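Here is a set of questions and answers for someone meeting this structure for the first time.

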Amino acid sequence: MASTARPGPARERTHAVVIGAGVAGLAVARVLTDACERVTVIDRDTLPTAPAPRRGVPQGRQLHTLLARGALALDELFPGFTDELVAAGASRADTQGDAHWYLDGHRAYRAPSGLISYGASRPLVEQLLRARVAALAGVGIRDSTEVLGLAAAPDRTRITGVRVRPRSGGASGDAGEETLGADLVVDASGRGSRALTWLEELGHPLPARTRVRADVVYVTRRFRREPHHLGGLMGVAVVGFPGMPRGGALLAEEDGRFAVVLVGQFGEEPPTDDEGMLAYAESLPGPDIAELLRTAEPLDRPVKMRYPASVRHHYEKLGRHLGGFLVAGDALCSFNPAYGQGMTAAAQQAILLRKLLAEGTDDLPRRFFRAAARAVDTPWLLAAGGDLRFPEVEGRRGPADGLLDRYLTRYRAAASADPVLARTFLAVAHMMEPPARLMSPGHVLRVLRAARKAGGPGTGRPRTPAAS
Ligand SMILES: Cc1cc2nc3c(=O)[nH]c(=O)nc-3n(C[C@H](O)[C@H](O)[C@H](O)COP(=O)(O)OP(=O)(O)OC[C@H]3O[C@@H](n4cnc5c(N)ncnc54)[C@H](O)[C@@H]3O)c2cc1C
């Protein structure tokens with residue numbers, strides 16, 4: 001991949017470095033081009049020229065969905081992006097109308113919702129984003145290069161650049177190491193970010209961390225998609241719940257295939273052999289995934305991945321910030337992937353960085369981390385809060401949480417018979433509406449009315465098959 005930056009229009013004479021060419025790094029690079037003369041995106045992987053999984057993004061082989069909010073955010077950053085994604089083969093679907101959702105085993109009422117989400121492999125999303133960013137004036141993408149640490153001014157109050165080494169460089173010592181000067185550095189190097197070590201090396205205070213156990217195991221496999229499969233459905237999601245820490249999903253994506261994932265939590269581990277996968281799918285409260293596994297042709301080997309915990313770094317609480325240093329994407333906050341929020345949260349952070357940069361660069365780290373923390377609050381509440389339903393997860397729960405949990409349990413059951421409740425649930429999950437909408441007086445009434453007829457966890461069969 002070319003590493004030369006092309007001159008851009010007159011901007012402040014600044015150079016920004018973005019560590020990581022994942023979804024977060026590319027989205028951030030896009031907005032930095034509005035404010036900086038040059039932007040260099042550095043990745044330690046050799047970046048492919050066509051969509052392909054790579055070592056630095058192990059989750060790239062797992063099923064990825066782009067939530068409705070994330071799709072809008074990426075279109076805002078890269079106009080026409082989702083059209084391009086669909087032209088490359090991605091599926092575009094009405095989240096409620098084209099999919100079956102099993103919530104606590106109850107199949108949510110299926111109806112058109114206008115909530116539009118996308119099915120595409122993570123390598124395809126990244127490839128198209130990378131092509132967009134590489135075409136921007138002033139941007140250079142430097143791959144096969146590892147960032148080793150930060151360079152700082154002698155008083156260590158602000159960064160002056162990053163220390164890098166070519167990946168193919170000598171194995172001994174710091175052969176090939178160089179310092180790349182920068183006025184602004186954004187760490188978008190993902191969950192494995194070494195930002196804490198780098199800050200420690202500079203004697204800088206470290207942010208507090210919140211960790212909520214997720215203990216998730218994913219097994220993803222691709223199957224050929226044929227028109228008769230599942231009556232033309234584009235997606236299925238069977239969400240695990242207390243007492244049933246198993247789930248799964250399938251999603252239409254590029255190249256005429258379905259990505260299928262089996263999910264286990266808290267000791268449940270989906271197998272990777274054909275018979276075991278089918279038996280696991282048959283144990284889910286929702287028949288669709290097993291139905292597909294029985295009839296569809298597998299296209300690859302299943303790939304397993306573990307995800308131990310949702311982790312959030314509270315940079316916003318630091319009393320003192322390192323000047324010119326920001327952290328975004330999974331490096332800032334990484335969510336249980338079962339909620340599908342990572343790419344959306346990354347794109348939202350880039351949008352708010354754009355807004356803050358337009359207001360000026362003074363005190364940028366403090367302003368960014370505060371705003372990013374507020375933006376992260378909602379997906380964090382959905383993911384980490386959702387996992388706190390499980391008794392296996394340690395964490396603070398107040399009396400109000402028990403009440404809320406009982407209400408939401410009734411809500412999920414009621415959503416099988418009420419299209420409005422089902423739509424709002426999915427709109428919240430897709431970050432199109434605030435979670436408080438679930439508790440609006442109108443919704444509470446609907447839940448009470450509908451749940452009166454419902455019992456405990458469902459069987460995965462619709463209660464009103466004719467209607468939904
Ligand atoms: C199993 C699983 C399933 C998921 N499913 C979904 C989903 O359905 N929907 C969704 O929106 N999100 C999903 N996510 C999350 C999503 O993949 C990420 O949140 C999102 O892509 C943002 O990641 P990122 O760009 O911050 O980091 P990453 O994608 O991890 O990218 C980090 C980049 O930094 C590079 N790098 C790391 N260290 C260095 C270094 N020292 N020097 C140079 N380069 C470096 C890496 O090579 C990599 O390219 C899932 C995650 C997992 C684990």
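Q: Which residues count as nonpolar, which as charged and which as polar?
A: Ala, Val, Leu, Ile, Met, Phe, Trp, Tyr, Cys and Pro count as nonpolar. Asp, Glu, Lys and Arg count as charged, and the others, Gly among them, are polar.

Q: How is the protein divided into domains, and which one is made of the residues 399-451?
A: The model is a predicted one. Its protein is divided into domain 1, which takes in 15-61, 127-209 and 309-384, and domain 2, which takes in 95-114 and 213-307. The residues 399-451 make up domain 3.

Q: How far apart do the C-alpha centres of domain 1 and domain 2 lie?
A: These two domains are in contact, with twelve residues of domain 1 touching ten residues of domain 2. Their C-alpha centres lie apart by 32 Å.

Q: Which strands are the edge strands of the open sheet formed by five strands?
A: The five strands follow the order β8-β2-β1-β12-β18, and their pairing is parallel. Neighbouring strands of this sheet are turned against each other by 15 degrees on average, direction ignored. An edge strand pairs on one side only, and here this holds for β8 (139-142) and β18 (325-327).

Q: Which residue of β8 stands opposite V41?
A: Strand β2 covers residues 38-42 and pairs with β8 in the parallel sense over four bridges. Opposite V41, the residue in β8 is I141.

Q: At about what angle does helix α9 run to β18?
A: Helix α9, residues 364-387, lies across β12 (184-187) and β18. The angle at which α9 runs to β18 is about 10 degrees.

Q: Over how many bridges do β13 and β17 pair?
A: The two strands pair in the antiparallel sense. Within β17, R312 stands opposite T210, and Y307 stands opposite V216. The number of bridges between β13 and β17 is eleven.

Q: Which residue of β16 is the bridge partner of V219?
A: Strands β13 and β16 run antiparallel and are joined by nine bridges. The bridge partner that V219 has in β16 is L262.

Q: Which residue of β19 is the bridge partner of V311?
A: Strands β17 and β19 run antiparallel and are joined by two bridges. In β19, V311 has as its bridge partner S334.

Q: Which residue of β15 is the bridge partner of A237?
A: Strand β14 (residues 235-238) pairs with strand β15 (residues 246-253) in the antiparallel sense, over four bridges. The partner of A237 in β15 is A249.

Q: Why does the second largest pocket lie between two domains, and which domains are they?
A: The second largest pocket has a volume of about 300 Å³. Its lining takes residues from both of the domains in question, so the pocket lies between domain 1 and domain 2.

Q: Which element supplies the largest share of the lining of the second largest pocket?
A: The lining has 18 residues, of which P53, S121, P123, R222 and R257 lie nearest the centre of the pocket. By class, these lining residues divide into seven nonpolar, three polar and eight charged. Both α4 (122-134) and β13 (208-224) supply at least two residues each. The largest share, three residues, comes from β13.

Q: About how much space lies in the largest cavity?
A: The count of cavities of 30 Å³ or more comes to three. The largest cavity has among its lining residues P48, A52, R122 and R130, and by class its lining has five nonpolar, two polar and four charged residues. The space in the largest cavity is about 60 Å³.

Notes
Residues are numbered from 1 along each chain as its sequence is written. This is a predicted model: local features need pLDDT of at least 70, side-chain atom pairs count only at pLDDT 80 or more; totals for chains, interfaces and linings use all residues. Side-chain values use heavy atoms; hydrogens and water are left out. Two strands pair if DSSP finds at least two bridges between them. Axes are lines fitted to C-alpha atoms, for helices over the stretch in contact, and angles run from 0 to 180 degrees between N-to-C directions. Contact means heavy atoms within 4.5 Å. On a 1 Å grid over the protein atoms alone, a cavity is a set of points where a 1.4 Å probe fits but cannot get out, and a pocket is an open set with protein on both sides within 12 Å along at least five of seven lines; lining residues have an atom within 4 Å of a point. Grid points are joined across faces, edges and corners, and a volume is the space filled by probe spheres set on the points. Domain bounds come from an automatic or database domain assignment.
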